[in-house]
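Trainee: I have a new model open and would like to walk through a few parts of it with you. Can we start once it is on the screen?
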Amino acid sequence: FAALTRPESLTPWLELIQKSARPLVGIYSVPLVLAENAQQLVSGHQQFLLVTMAANGLRHTFFSGGKIQFSRLSQLTSHNQEEFALTCVREATRTHQYLLGQRMIARNTTMQTFVLAHPDNHIALRAAIADTDRISFELLDLVSLAKKVKLKTPTPDSHCDALFAHQLVTHTPKAQFAPAIDRKQYRLTQIRFGLRAAAFAILFGCLLFAARIGMQWK
């Protein structure tokens with residue numbers, strides 16, 4: 001199950017899109033993007049916790065069997081390295097306790113936790129983030145991952161907003177939150193494009209047929 005916790009914050013944007021008669025493709029959230037691109041971000045692991053930082057805070061997303069199971073967002077005040085590291089550890093511990101209570105992980109297993117961060121921050125983060133007997137932390141190189149997925153925009157820090165936007169465009173999730181009535185203009189655009197493509201294909205076929213007939217008469 002997925003939901004928007006504050007849908008009213010989208011109202012001004014939706015009103016602006018409607019006034020400008022622009023087609024609305026969909027409304028997506030970061031968890032939906034992560035769910036669609038988990039294997040690109042972390043490969044070779046069936047169960048893990050992924051920690052990512054964005055403008056709106058620090059997100060902890062749990063995957064099991066290659067599918068997203070749980071995602072929560074914690075607020076950041078300064079977005080500096082110290083707060084980043086402390087929040088990583090604190091919220092990972094809370095998430096681990098929650099997952100244990102929900103029986104989503106076994107008590108005798110270590111939860112693999114991946115922290116996506118800029119390589120310039122890795123030394124400071126590793127010094128502040130310590131493994132425990134229940135949580136094992138591993139730092140992922142945000143710059144290398146951005147190059148892997150062909151993101152051309154440089155990533156100057158550990159914020160993943162540009163990466164999420166890129167993944168949304170290149171690997172758009174099938175699930176989204178916009179109701180059908182708000183996507184009506186987009187559907188009409190798709191229908192018009194399909195009709196034009198069909199007309200072009202028919203015209204091209206007719207030209208080929210005419211050329212063939214013409215060659216036979218010569």
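Trainee: Is I213 buried, exposed or partly exposed?

Mentor: This is a predicted model, and in it I213 counts as partly exposed, because its relative accessible area is 29%, which lies between the 20% limit for buried and the 50% limit for exposed.

Trainee: Which helix is I213 in?

Mentor: I213 belongs to helix 7, which covers residues 184-217.

Trainee: And how far apart are I213 and T172?

Mentor: In sequence they are separated by 41 residues, and in space their C-alpha atoms lie 45 Å apart.

Trainee: Switching to helix 2, which of its residues are buried?

Mentor: The buried ones are P31, L32, V33, L34, N37, A38 and L41, and they pack against strand 1, strand 2, strand 3 and strand 5, as well as against helix 5 and helix 6.

Trainee: At what angle do helix 2 and helix 6 pack?

Mentor: The angle is about 85 degrees, and the axes are 10 Å apart. That angle is why helix 2 is described as roughly perpendicular to helix 6.

Trainee: Which residues make that contact?

Mentor: Helix 2 contributes V30, V33, L34, N37, Q40 and L41, while helix 6 contributes L163, F164, Q167 and L168. Sorted by class, the contact has seven nonpolar residues, three polar ones and no charged ones.

Trainee: What does helix 2 span between its end C-alpha atoms?

Mentor: Helix 2, residues 30-41, spans only 13 Å between those atoms, whereas a straight helix of twelve residues would span 16 Å at 1.5 Å a residue.

Definitions and conventions
Residues numbered from 1 in each chain as written. Predicted model: local features only at pLDDT ≥ 70, side-chain atom pairs only at ≥ 80, totals over all residues. Heavy atoms only, no water. Helix = DSSP H or I, 4+ residues; strand = E, 2+ residues; numbered from the N terminus. Expected span 1.5 Å × (residues − 1). Buried < 20%, exposed > 50% of the residue type's maximum accessible area, 1.4 Å probe, protein only. Contact = heavy atoms within 4.5 Å. Axes fitted to C-alpha atoms, helices over the stretch in contact; angles between N-to-C directions. Parallel < 35°, antiparallel > 145°, perpendicular 65-115°, else oblique. Nonpolar A, V, L, I, M, F, W, Y, C, P; charged D, E, K, R; others polar.
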